[in-house]
Amino acid sequence: MTFSGALTLTDLNDYITPSQACIKPVEQLNPINEVQKDPGAASTAIRIDSSGSYYEVPTESTAISSAKKLEPAQISLNDCLACSGCITSAESILITLQSHTEVLNFLSSNPPPSHPHHKIPVLSIAPQCLASLAASLSSSSSHRLSLHQVLARIRKFAKEVLGFDHVWDTSFARHIALLEHVREFHERKAHASSSSQGELAEGALEDVGRLPMLASACPGWICYAEKTHAEMLPFIARTKSPQQVMGTLVKYWLGAKWGKSPDEIYHVSLMPCYDKKLEASRADFYNEQYSTRDVDCVITTGEFELLLTEKGYDLSQPVPGETTDECTWEEEGIPDLLQHAGSSSGSYLQSIIDSLSAPSKGGDSGSALTVSTNAVRADHTTYTLFSCPSSQPTPTPVPVPVFKGATCYGFRNLQNVVRRVGKEGGVRVGRGAAGRLAGRAQARGVRRIGGREVGASRNKKDREGAGEVVTEEEKTYDYVEVMACPGGCVNGGGQLKPPAMIDEEGFQRDWEEEGVKLGVNGEGGKLELNGQMKDAGMESSAGRAGEAIQARWGSKAWTKKVEEAYWGGLPTPPASPPPWRDDEGSPAVMKTGEEKRSRADRLAVRILTEMCRPIGGQSEDWMGSMDAEAERLRRAYFRTSYRAVESEVVGLAVKW
């Protein structure tokens, strides 16, 4: 079994310190003393000369002249990372077992429905994958394709060509994940408040995590935290990702409706990231009773493109009914493409802000709530929710911060957030300079926040008494939406690359390698080709080549195109109407979206009731409490757990 042909190393621009267990031998300068040779001992030894070359020499002779020069050993990426990095050798085997070839092999060997060993094949698709496909198809078309059109075409291909019985996108699973995510945040908030006041209720959950809560949908971030920052695990949300929630729905809720056990369903997930393969292989998502996983196989957008090529299917061709009704409801009443305003990486932060803003979820109906944003750096933005109490006697009420969150994408930003959360949470973060800085600051009675020291001169109370306003940087994060990929999930490593550059005769060419100067003038919208300025928006191949060269995979330009396709022509991201205000006067499409989400809420509560079977019948809403056994089932179905991965390096020795 080999790696998928779509798996490549591209744009590795996030630096992570390598393990210090990688030790390079040095030249031996001390003379070798004569030793008694043991029976069965090796007859040769390895010597290293001053240039770093390796030689195999007889043990009786130490002269380099009688030695055999050895070729350097080749260490693969898996070998390097196997010690304590992001992927181990065992995990690489799990990845090789999940590819588009495996999907084709299963579909070709799956018995007919009348056979007792037939498995129901199900395909679930992440909206980010649809956006990547839509951006790629739109770049070679005269009109923009919507996610609904792409989903309709994939559904036809998957059912009629591949043989899948059911095809859904994962937006409804994300809807359930957001509901549970919000519930978990409020649990932690209530637990933190009770703990600080010494009012922890008897029988309260002991494993409630800590604040600030960190998002859990990115498996790359989870893998990184488990292996290098175990101290962060109590802060990470335990809510399952949309992929795994979809696995729960397919194998347990839908399976029960179909009269099938989990091992009689084959669930394939189409995702924008290779790390999703590792997530599906976690032990928490394996059913030992039926010897099956919630998600049997994960393929990326790039691998799906290979599958299309092997089958000779053209996804650019329209299918009947793809533009009739964008509010379709597929089998079992599951909605297609629920849109959640906020971010293209799942809208986790926005969902929590909305829940806090709603009066029924903790907002103060007598206070006007406003959101302030601050772009700290690229892919790192803070969001502060302010309350202006109407009861303040001053003529100009002072905004009071009630919540602070952030979106943090990419390891560069992620490591900064980890250090800050660790300092604010009173835990020692990892190793190296971060821990030393924290130790020095604590020794001086100084708290470091956002790269500067707080508390060295005047404390917060003194500044408030002097009429100074406490800046938002001094407020601890309550929540952080963390994603490992710069730009978020739309820029996942498994997404499609921009279309190839084509010359005027239809041949693929690398313009830069051939010395062609190709660029776009930003002000005039002109294309410079061989010294001549041409219209960058023209439909010629030169125009498309100029667009492609400005939007390479992993670049901000191409990520922006995928982002635009994700939101379907709406603002990027579209503004979210505050839920505490009247929605009158909003566009019809927004009203349709609200109606769709309300219907999805009712379906989610029905699913919760059918799967958890609470005493007394159906719960009123997702936030409602159920009996102890029903709550246990809720946590088993919709939450997971994490465990620290201990390094296998002991001193200078490595356990193989």
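Two strands are taken to pair if DSSP finds at least two bridges between them, strands being DSSP runs of type E with at least two residues and helices being runs of type H or I with at least four residues, both numbered from the N terminus. The model examined here is predicted, so local features need pLDDT of at least 70 and side-chain atom pairs count only at pLDDT 80 or more, while totals for chains, interfaces and linings use all residues. Residues are numbered from 1 along each chain as its sequence is written, and side-chain values use heavy atoms, with hydrogens and water left out.

Strand 2 (residues 54–58) is joined to strand 3 by 2 bridges in an antiparallel arrangement, and Y55 sits opposite K69 of strand 3.

Turning to the helices, S357 belongs to helix 11 (residues 348–357). This serine has 2% relative accessibility and therefore counts as buried (under 20% relative accessible area, with exposed meaning over 50% and partly exposed in between; 1.4 Å probe, protein chains only). The S357 side chain reaches the backbone oxygen of I353 at 2.7 Å.

Helix 12 (residues 411–425) contains 15 residues and spans 20 Å from first to last C-alpha, close to the expected 21 Å, a figure given by 1.5 Å times one less than the number of residues. Buried residues in helix 12 include F411, L414, V418 and G425. After helix 12 comes G426, with a positive phi near 75°.

How values were computed:
A polar contact is a pair of N or O atoms within 3.5 Å; within protein, one must be able to donate a hydrogen and the other to accept it, and residues adjacent in sequence count only if both atoms are side-chain atoms.
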